[in-house]
Amino acid sequence: MSELVISSLSISRSELPVVSEINARVESGSISVVLGANGAGKTTLLEGLSGIIPVASGTIAIDGHEIQKARPGQRSREGLAHVEQGRTIFGQLTTEENMKVALRDGSDLSEAYGLFPELLQRRTVRAGLLSGGEQQMLVIARALLTRPKVLMIDEMSAGLAPVIVSRLMAAVRKLADAGLAVLLVEQFAALALGIGNRAYVLRRGRVVYDGDCKTLLRSPDELHKLYLGG
Amino acid sequence: MNSFLTPAIAGLAAGGTYALLGVCAVFTYRLVAVVNFTGAAIGSAGTFALIALTESGYPTFPSVIAGILVGAAVGVLIGFIMTRWFAEANSSTKAAVTAALLVGLIAIGLRLTGGQHPRVMPDLFPGSAFRMAGVEVTIASVLTIGLAVLFTVLSDLFLNRTRIGLHLRALSDRPLAAELIGVKVRLLSLLVWGATGAFTTFALMIIAPQRSPNFMTLSLLVVPALAAALVGLFRSFWLTLAGGILLGVVEGLASSVDSISQYRSAIPFLVILAVLLWSQREARWDEAR
């Protein structure tokens, strides 16, 4: 059982605090959803967790091993995968080359093709020419090939057709059911809460809700209040 | 006929060096996204390490190896500065930093190597390789062109056929995304800087006896190198190779014409200007419409 434990985590940008005193836990086999309005600190939280920006204070631990001082590459090798927003494919490389970059001992391209068979037909195509949905599948598949314990995905649904978003959400649920710990940042709250187990709502960089996804899904008014305050 | 062929062939050695330095510049730009003005200065450091060792009585071959290692080490040092403090900077800032480092390297190099007085550089490959149309082709010409072709072929093979090459291509595309999936970005970047430093040093060691080997002259070979890289639009190794060789040949030809021979060192600047104007043509056309 793998888990990511975040304790009293604060992150600043240009010395201005963006995320403050976050406590959260992401467990193996479950999806934790991070929600919040624009500017709430969701992306900053993920960037701090993966080491893109340094944390000001607090700890990040995978299976009890603290990683908050490690560089992004080292955190990846410790089992933390971060799928950034904006579908950060290697556009000059083919689909298959994109995945081969991420291959580790013990991982196999067939795992990625098993999850997204669509990519198999497009394996020799330059990744920059793939559709938005295929590119999103590719970056998730690429992250999986690093054999992560924890998979963090930022704004997976942005700019995609609803049918593709449903397909991706189902794939993420399947990964969690297979034992992965998933931390999902989403703008579309209903979709994310529908597949998630635990929800965190951020407002102005602080957690204002920490609880069950289904409870929040049944109370849209409550969710609205949490987003806007008051 | 020979009045043109002789100077053209004489320009091949310089052309081979421009080509190799240009290919190294493209290699650095494509893989670590830096327009590197220090390339030739790094090679100069290694070349002057060779001169210092041979002047101190050390045998030539071990001194060449030591010089190449010094060039690689200076390359790694510059790479360390760029990856440690300027990894997230935009390409203009990175280019400006390497231009500043070039000035620093030249200042230090001139101070350590006795100013602009030419030093005695051992001719590593003296003599003629063969005759072509009645003109002697020197071993230095053959070697520099051969080295440039070898580096071009190796670069292509390395980038397209090896796992490290694949990682480098990913790194050049999106450094942060590559790092996030565990690619050892800093290590690979330093490898690129070290390898180009070593190749550049060897190229300058070959050509130095035909130049006035002072630190500044050799360091400023970066100008024709960048002109060659521009011919390849900083992407194509083969066009850069061709551009470098052609530039050397044109320089050689210019040296045979009395009225322009004194201005032949301006040819790389003309090439840079011409390529930049040509590359802007679509923007200008769009603007005009």
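Two exercises follow, on two interfaces of a predicted model.

Residues are numbered from 1 along each chain as written, and chains are lettered from A in written order. Local features need pLDDT of at least 70, side-chain atom pairs count only at pLDDT 80 or more, totals for chains and interfaces use all residues, and side-chain values use heavy atoms.

**Exercise 1.** Describe the interface of chain A and chain B.

Solution. 
1. Count contacts (heavy atoms within 4.5 Å). 24 residues of chain A touch 17 residues of chain B.
2. Take the buried area (accessible area, 1.4 Å probe, lost on putting two parts together, summed over both). It is about 1,800 Å², with 57% from carbon and sulfur atoms. Arg71(A), Phe90(A) and Val101(A) supply 30% of what chain A buries there.
3. Look for salt bridges (a side-chain nitrogen of Lys or Arg within 4 Å of a carboxyl oxygen of Asp or Glu). The rule finds 2. One of them joins Glu97(A) and Arg169(B) at 3.0 Å, N to O.

**Exercise 2.** Describe the interface of domain 1 and domain 2 within chain A.

Solution. 
1. Domain 1 is 3-79 + 149-228, and domain 2 is 87-147. Their C-alpha centres lie 23 Å apart.
2. Count contacts. 15 residues of domain 1 of chain A meet 16 of domain 2 of chain A.
3. Take the area. About 1,100 Å² is buried, 65% of it from carbon and sulfur atoms. Arg167(A), Leu168(A) and Leu175(A) give 35% of the domain 1 share.
4. Find the salt bridge. The rule gives 1 across this interface. Glu118(A) and Arg167(A) pair at 2.7 Å, N to O.

Definitions and conventions:
Domain bounds come from an automatic or database domain assignment.
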